[in-house]
Each structure stands twice: as structure tokens, then as C-alpha cells.
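This report sets out how two protein chains are arranged and what surrounds selected residues.

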2 protein chains.
Amino acid sequence: MKKPTIECCLSPALIDLYNVEESNVVIIDIFRATSTIAAALGNGANKIIPVDDVQECIKLGAEIENSVTAGERNGQIAEGLQYGNSPSTYKADFIAGKNLVLTTTNGTRLLYKVKHAQEIISGAFLNLGATAQYLAKQNKPLILACASWKDRFNLEDTLFAGALYNQLKEVYDTDCDSMRAAHHLYSLAKNNLFEFLRDGAHFNRLEKYGLTDDLKYCCKVDAQNNLIKFQDGELRIF
Amino acid sequence: MKKPTIECCLSPALIDLYNVEESNVVIIDIFRATSTIAAALGNGANKIIPVDDVQECIKLGAEIENSVTAGERNGQIAEGLQYGNSPSTYKADFIAGKNLVLTTTNGTRLLYKVKHAQEIISGAFLNLGATAQYLAKQNKPLILACASWKDRFNLEDTLFAGALYNQLKEVYDTDCDSMRAAHHLYSLAKNNLFEFLRDGAHFNRLEKYGLTDDLKYCCKVDAQNNLIKFQDGELRIF
């Protein structure tokens with residue numbers, strides 16, 4: 001049987017080069033949207049409603065029962081929202097049973113850019129294994145879409161794409177140089193993701209805000225190991 | 001003294017994210033425009049006039065004395081032109097003293113996208129050393145711009161960016177993850193560039209056209225070691 005293809009898109013600015021509509025897409029925003037999503041749902045959040053705008057976030061937060069508004073702009077809590085984008089904030093005793101309305105600089109923006117994909121899956125190191133296990137059984141073209149930082153390539157999202165490819169390389173075919181590069185980078189970094197990412201642009205940005213523990217948490221493989229999909233405007237565990 | 005910055009742009013589709021006008025820019029199209037440029041000038045071509053259109057290439061070829069028209073579309077000789085984009089074609093007994101009018105799929109397109117840069121330098125493995133030596137003395141922001149393949153990231157251009165950075169890292173500062181990734185990839189590939197690039201999308205494309213020797217030649221470090229700049233519409237040795 002012919003294997004399905006796997007490709008990696010390094011920046012939302014390049015997504016139009018890919019056939020999104022006929023593919024499954026994994027959205028990747030390691031620092032920190034998809035890590036926050038994995039943590040909040042893993043710790044019992046009912047669902048997450050991603051929105052691309054702070055005002056919309058506030059509005060929905062007022063409308064939806066039992067909700068929490070959260071999000072960041074430029075790495076810090078956005079004005080008017082209750083919480084930021086720190087995965088380690090979303091502990092079970094706070095988030096279990098709640099609906100999280102979330103907006104982030106890059107992650108939610110990417111999500112809306114790929115909204116016509118066959119399926120949209122949210123991937124992070126925290127839920128790498130569950131994501132790979134599900135995708136290994138899907139016989140459809142797959143695009144690993146990095147949220148990047150304001151359209152600029154970043155190391156952490158690319159590294160995750162490489163890690164995911166590493167688990168899928170026997171069941172998918174690739175002729176995508178971005179995918180090859182991501183896998184090469186992962187081969188260099190796999191024994192210590194956190195150390196490798198310490199020399200990264202967004203790492204440096206967030207570390208200055210005192211978020212080092214948060215970044216360490218984002219590098220924990222399979223610590224919140226659930227398959228997460230975006231369907232009908234919501235992110236939920238499947 | 002504060003060091004100038006160095007950044008890497010992985011695709012022409014991302015070039016608007018960079019401050020081109022205040023920077024020196026190295027254009028990189030290893031397979032094969034900037035390798036052809038290095039070979040033809042190294043073997044005595046008088047100058048190269050890059051044009052972005054096949055018809056314009058034919059027209060200029062008819063107007064300019066002692067000229068040769070050359071170029072490719074999709075990796076093969078473009079209809080109506082005399083020669084292709086094979087660096088190994090441009091031997092001294094053929095090209096010395098001639099004016100080459102050249103159009104390529106990605107390289108010349110990138111060149112016109114960065115035309116407002118402070119200086120434009122043409123870089124390839126063939127002239128890596130001379131390029132690095134010149135840039136080490138320039139106290140200006142530097143952008144290493146990969147021509148890529150129809151806006152898609154490719155391994156060979158990125159690898160060259162990493163090789164150039166490797167020679168410049170003591171004199172430039174970077175906070176660019178693309179630059180870091182290019183350098184990591186180079187660290188994996190440096191002992192055998194050709195072998196590393198054998199598993200690459202454009203390599204596979206060109207190998208099918210029987211161009212393997214050409215690709216081997218493109219990986220020869222410092223084999224045509226001249227500084228090449230684009231000035232007043234022409235590429236020449238400086």
C-alpha cells in the first residue's frame with residue numbers, strides 16, 4: 001500500500017504552499033499555546049475555545065458559563081484577560097470542569113489559517129505519544145504546521161515536528177526538506193530538549209519574564225498524554 | 001564595539017520580515033544559480049546580467065555584444081535559451097570574456113526581491129571563503145537569504161547559510177533561530193556536504209535529469225573562490 005505523505009510547514013506565512021484542505025494538520029506552538037492546551041485539558045478542563053482576538057475572548061468569557069478567559073500578547077498576559085498562557089498555571093484544582101477561552105499571539109492565529117483541513121490536531125511534547133499513536137493509523141496526507149513567532153521560524157516548534165516525524169517515519173513518506181531538517185535537528189536535541197532550546201530566540205524572550213519553569217514543563221514528553229482535536233470551534237480530548 | 005547582527009531568511013516568501021534596506025544581503029541558490037554565477041565568473045566571464053524573465057533574457061542576449069543567454073525553468077534549459085544552469089558547463093574555453101545573460105527559477109527572483117539592500121553578495125560553496133573573508137570586515141547587519149525552491153525551504157541553501165555563519169560567528173551576533181538551525185544542520189553535514197544533500201528534494205529532482213556531477217561540483221568548497229557582488233544590474237568579481 002502506498003504510504004500517505006508527511007510534510008512540515010515552518011511558518012504560517014508559508015502555509016499557502018501546502019494542500020491544507022486535503023490533509024490532516026497538526027498545529028504546533030510549543031512555547032506555549034499547544035502546551036497550555038495539553039495541560040489544561042489533561043488536568044480536566046471541559047473544553048478550550050480558541051479565539052484570535054482579545055475583545056472576542058472577553059466577550060465569550062462573559063457569555064459562556066463556568067468559563068475562564070486567558071491569553072497573551074507578546075508573551076505576557078493580555079490586558080483584560082484573567083490568566084496568561086502558562087501551562088503550569090492550569091492545575092487540576094483550578095481548571096477541572098471549566099471552559100477555557102484562549103487567545104495567543106501565534107497559536108490561535110495559525111489554527112484559523114488551517115481551519116479547512118480534514119482534521120486539526122493540537123500537538124506538544126506534553127502529548128507527543130498520543131498524537132503520534134493516533135496519526136500512525138490515519139491514511140491521509142499530513143502537515144505538521146509550526147506556529148512560529150510572528151511568522152519567523154523557531155527552534156522549538158520545528159523540534160517537535162522532528163520528534164513527531166521520528167515516531168511516524170515508517171508509516172508516512174516524505175519528500176519535504178523542512179521535514180528532513182526538523183528530523184536532523186531532533187536527532188541533535190533528543191537527549192536533552194530543554195538544554196538544546198535554551199539557546200533559542202523565544203526561550204530567551206520568555207526567560208526574561210521569569211518563565212523558565214514553564215518552559216521546562218513544555219519540554220516534558222508525554223506528561224499530559226491525550227489526543228486533542230479541534231472540532232466545531234472547540235479543542236477537546238478524543 | 002557592538003557586533004553587527006546576522007540573520008538567515010529561509011524563503012523569499014519570508015523576506016519582508018527582515019530589514020533588507022539597512023542590511024547587506026547574501027543571496028544563496030546552491031542548486032544552482034549562485035554556483036553557476038561563481039563558476040562562470042571564476043572561469044573568466046566578463047559579467048553576468050541576471051533577468052527574471054525568459055523573453056527579457058532573449059531580448060538582452062540579442063542586444064548585448066559577445067553574450068550568451070542561459071537559464072532554466074523547473075531545473076531544465078528554458079525554451080529559447082542557448083544554455084542551462086549547469087555550473088560545470090561554464091568552462092574557461094567557452095565562457096572567458098563573454099557576457100552571460102541568466103535567468104533561473106528561484107535565484108534571479110530572489111535577487112530582485114532584495115534589490116534595495118545596502119550590498120548584494122552572491123554566495124555558494126564554490127566561493128564560500130572569499131565571501132566570508134569580505135563579510136568579516138563589514139560592520140553592517142547581514143541577512144543570509146536562501147532562494148529555496150518556489151518559496152519552499154531547502155536543505156542546500158540552508159546548509160550554506162550555516163557554513164557561512166560558521167566562519168562569521170565570532171564577528172557577528174545573532175538572535176535568529178533560522179541562523180541557529182542552519183548552523184546545527186551544518187555541524188551535522190560539514191564532513192560530507194554531498195552525502196548529506198543526497199537526501200534532499202531538489203537533489204532528487206535534478207539527479208533524475210542526470211545532473212549528479214553538476215551537484216557534486218556545487219558542493220566543492222572554495223573551488224572558484226572570488227567575491228561576487230551585484231551592482232548596477234550586473235554580477236561581477238570584486
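Contact, as the word is used here, means heavy atoms within 4.5 Å. The model is predicted.

**Two buried loop residues of chain A**

A:Ser148 is found in the loop between strand S8 (142–146) and H6 of chain A. Its relative accessible area is 2%, and buried means under 20%, so A:Ser148 is buried. Leaving aside its neighbours within four places in sequence, A:Ser148 is in contact with A:Leu10, A:Ser11 and A:Pro12, with A:Asn106, and with A:Phe153, A:Asn154 and A:Asp157.

A:Leu227 occupies the loop between helix H10 (212–218) and strand S9 (228–231) of chain A. With a relative accessibility of 10%, A:Leu227 also counts as buried. When residues up to four places away in sequence are not counted, A:Leu227 touches A:Ile121, A:Ala130, A:Thr131, A:Tyr134, A:Arg236, A:Ile237 and A:Phe238. A:Leu227 and A:Asp177 are 50 residues apart along the chain, and their C-alpha atoms are separated by 27 Å.

**Backbone geometry**

Most residues other than glycine have a negative phi, and most peptide bonds are trans.

| Site | Feature | Value |
|---|---|---|
| A:Phe31 to A:Arg32 | cis peptide bond | omega about 15° |
| B:Phe31 to B:Arg32 | cis peptide bond | omega near 15° |
| A:Asp232 | positive phi, not a glycine | phi about 55° |
| B:Lys150 | positive phi, not a glycine | phi near 50° |
| A:Gly44 | positive phi, just after H1(A) | phi about 105° |
| B:Gly210 | positive phi, just after H9(B) | phi about 80° |

In chain A, A:Arg32 is found in the loop between strand S2 (24–28) and helix H1 (33–42). In chain B, B:Arg32 lies in the loop between strand S2 (24–28) and helix H1 (33–42).

A:Asp232 lies in the loop between S9 and strand S10 (234–237) of chain A. A:Asp232 is exposed, its relative accessible area being 73%. B:Lys150 is placed in the loop between strand S8 (142–146) and H6 of chain B; with a relative accessible area of 40%, B:Lys150 is partly exposed.

**Helices and their surroundings**

H1(A) is mostly covered, as nine of its ten residues are buried. These are A:Ala33, A:Thr34, A:Ser35, A:Thr36, A:Ile37, A:Ala38, A:Ala39, A:Ala40 and A:Leu41.

How do H6(A) and H7(A) cross? The axes of helix H6 (residues 155–168) of chain A and H7(A) come within 7 Å and cross at roughly 95°. Angles of 65 to 115 degrees count as roughly perpendicular, and H6(A) is therefore roughly perpendicular to H7(A). On the H6(A) side, the contact is made by A:Leu155, A:Thr158, A:Leu159, A:Ala161, A:Gly162, A:Ala163, A:Tyr165 and A:Asn166. On the H7(A) side, it is made by A:Met179, A:Ala182, A:His183, A:Leu185, A:Tyr186 and A:Ala189. By class, this contact has ten nonpolar, four polar and no charged residues.

In chain B, helix H9 (residues 201–208) has B:Ala201, B:His202, B:Phe203 and B:Leu206 as buried residues. What covers the buried residues of H9(B)? The cover includes elements of both chains: helix H7 (177–189) of chain A, and helix H6 (155–168), helix H8 (193–197) and helix H10 (212–218) of chain B.

**The interface between the chains**

Chain B is superposed on chain A by a rotation of 180° with 0.0 Å of shift along its axis, at an RMSD of 0.0 Å. That is the relation of a two-fold axis.

The contact takes 29 residues from chain B and 29 residues from chain A. Between them the chains bury about 2300 Å², with 59% of that area on carbon and sulfur atoms. In chain B, the residues that lose the most area to chain A are B:Arg152, B:Phe153 and B:Asp177, together 26% of what that side buries.

Through which surface do the copies meet? Of the interface residues of chain B, 100% are also interface residues in chain A, so the copies meet through the same surface.

Note on methods. Residues numbered from 1 in each chain as written. Chains lettered and ligands numbered in written order. Predicted model: local features only at pLDDT ≥ 70, side-chain atom pairs only at ≥ 80, totals over all residues. Heavy atoms only, no water. Buried < 20%, exposed > 50% of the residue type's maximum accessible area, 1.4 Å probe, protein only. Helix = DSSP H or I, 4+ residues; strand = E, 2+ residues; numbered from the N terminus. Least-squares fit on C-alpha atoms with pLDDT ≥ 70 in both. Axes fitted to C-alpha atoms, helices over the stretch in contact; angles between N-to-C directions. Parallel < 35°, antiparallel > 145°, perpendicular 65-115°, else oblique. Nonpolar A, V, L, I, M, F, W, Y, C, P; charged D, E, K, R; others polar. Buried area = accessible area lost by both parts, 1.4 Å probe.
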